[in-house]
Amino acid sequence: MRIVVQAEDFDSGAEIKRLADQSNGVGAVNSFVGFVRDNNEDTHVGSLFLEHYPGMTEKQIQTILTEAEERWVVLSATVIHRVGELTPGEQIVFVGVASPHRGDAFDACEYIIDYLKTRATFWKKESTPDGFRWLETRQTDVDSADKWKQPEKS
Amino acid sequence: MMKIKIVLFASLRETLDSDGFDFEVAVGSTVASVVGALGAGRGEMWARVLGEDNVLTAVNHTMVNAPQVLAAGDELAFFPPVTGG
């Protein structure tokens, strides 16, 4: 498992290749990349500042990855999250999962990003025409994470 | 008395104008009693901000609730709901 919190940008292609190269048993790599949007709640966003809690953030992500590994067949997983000042169009987060088959890779990847949004200690502050504002948790993000609490279909 | 470390993040850090400090508390203190002591020692603003329903707490990087008992050297963090991803 690879967990990185950094200010620098990342190369999604290189990360996907790294996951695929882990073993010849990899049949599928699924990845998610999040970007900074130029608008939020009908307001223009000039830039985004991302703060985190060093040490706790990595621990929370580690826990989420371990849960995903217990639930699906995960051969390898990567989470990269950027912090600091970001502008619209820039990449914020990369989640990648390598599995023998696509079903596990899709589900584990979605599980990781859903819980990363509700449990990992990151906070976003937007720069808008009206000044700075800290984002509040979206109910839709909470609902997305909560869906994983339902019993799995057999 | 024992010494713990208080750390604050995001909107709480800005509103209270502090990213953290060492704090002397009574042996056997809980998260709730430390919130009370911070409110008593640092003013009404601290009591109000840390008393808000959505404030989250962690001890040594693990999420905890108000009844959690603290030990000397613990790092007690206060922060708002997370918004990463």
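Author: In the predicted model, five of the seven residues of strand S1 (residues 2-8) of chain B are buried, so this strand is largely enclosed by the rest of the structure. Buried means under 20% relative accessible area, exposed over 50% and partly exposed in between, with a 1.4 Å probe and protein chains only. Strands (E, at least two residues) and helices (H or I, at least four) are DSSP runs numbered from the N terminus.

S1(B) pairs with strand S2 (residues 20-25) of chain B in the antiparallel sense, over six bridges; strands count as paired if DSSP finds at least two bridges between them. Opposite B:Ile6 stands B:Phe21 of S2(B). With S5(B), S1(B) pairs in the parallel sense over four bridges, and there B:Lys5 has B:Glu75 as its bridge partner.

The other chain comes next. Two salt bridges are counted between chain B and chain A, a salt bridge being a side-chain nitrogen of Lys or Arg within 4 Å of a carboxyl oxygen of Asp or Glu. A:Glu51 forms one with B:Arg13, with 2.3 Å between the closest N and O atoms. Helix H1 (10-15), strand S4 (62-64) and strand S5 (75-79) of chain B each give two or more residues to the side that touches chain A, and H1(B) gives the most, with four residues.

As to conventions, residues are numbered from 1 along each chain as its sequence is written, and chains are lettered from A and ligands numbered from 1 in the order in which they are written. Local features need pLDDT of at least 70, side-chain atom pairs count only at pLDDT 80 or more, and totals for chains, interfaces and linings use all residues, while side-chain values use heavy atoms, with hydrogens and water left out.
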